[in-house]
Amino acid sequence: MANPRKSMLVVSLLMMALCGVSMAAVYQVGDSAGWTSMGQVDYRDWATTKNFHVGDTLVFNYNNQFHNVKQVAHPGFETCNATSPIATYTNGSDTVALEKLGHFYFICGYHGHCQAGQKIEILVAPATSKPNHAASPSTRSASSLYSSNLSWTWGVLGFFLLGFA
């Protein structure tokens, strides 16, 4: 019969290792420019260089005297119509958790801002999908960190399973 203390140690270490594997990304929309209508960011280009997954978070940083964030359905996104939003954010530093697969649409509800390009479509894809576009440096870093954590997890698991067998 296995030593209960050693078994508990193996289970504890395995759980700690697996916690490091499930990492979600946090994306600041527009990077350092933030959420703006000043034409500094092409939000379509920005979004296509990212690979969004369930559990990731978007952060919208903006001056809430001049902007807001409205989550809308596809027709509202296409026509820049914010009259029936799914959600409205007005804090100036808003976080939006991506909790399911699919397309998410965000626009600024201030007159003319969406038309000026302050709108973004986010595609949340399954974790096993591969990005269609070149990954940004921050995405590559997160990916390599994930791979390192996964390798470390399997190494720790193998060490303990072989050591306690």
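This is a predicted model: local features need pLDDT of at least 70, side-chain atom pairs count only at pLDDT 80 or more; totals for chains, interfaces and linings use all residues.

Numbering runs from 1 along each chain as its sequence is written, and side-chain values use heavy atoms, with hydrogens and water left out.

**Stop 1: the disulfide.** Select Cys80 and Cys114, which are joined by a disulfide with S to S at 2.1 Å (the cut-off is a pair of cysteine sulfur atoms within 2.5 Å). The structure holds one disulfide. This one links distant parts of the chain, 34 residues apart: Cys80 sits in the loop between α3 (74-79) and β4, and Cys114 in the loop between β6 and β7. Helices (H or I, at least four residues) and strands (E, at least two) are DSSP runs, numbered from the N terminus. Check the torsion about the S-S bond and you get -70°, a left-handed link. Both cysteines are buried, as in under 20% relative accessible area, with exposed being over 50% and partly exposed in between (1.4 Å probe, protein chains only).

**Stop 2: Cys108.** Now pick Cys108, in the loop between β6 and β7. Cys108 counts as buried because its relative accessibility is 2%.

**Stop 3: Gln118.** Keep His67 on screen and select Gln118, whose side chain makes a polar contact with the side chain of His67 at 3.1 Å (N or O atoms within 3.5 Å; within protein, one must be able to donate a hydrogen and the other to accept it, and residues adjacent in sequence count only if both atoms are side-chain atoms). Gln118 is buried, at 0% relative accessibility. Leaving aside neighbours within four places in sequence, its contacts (heavy atoms within 4.5 Å) include Trp35, Tyr43 and Cys108.

**Stop 4: the cores.** Finish with Leu58, Phe60, Ile120 and Ile122, which touch the most other members of the 22-residue largest nonpolar core. Such a core is a set of buried Ala, Val, Leu, Ile, Met, Phe, Trp, Tyr and Cys residues joined through side-chain atoms within 4.5 Å. Apart from it lies another core of seven residues, among them Phe77, Cys80, Ala82 and Tyr105.
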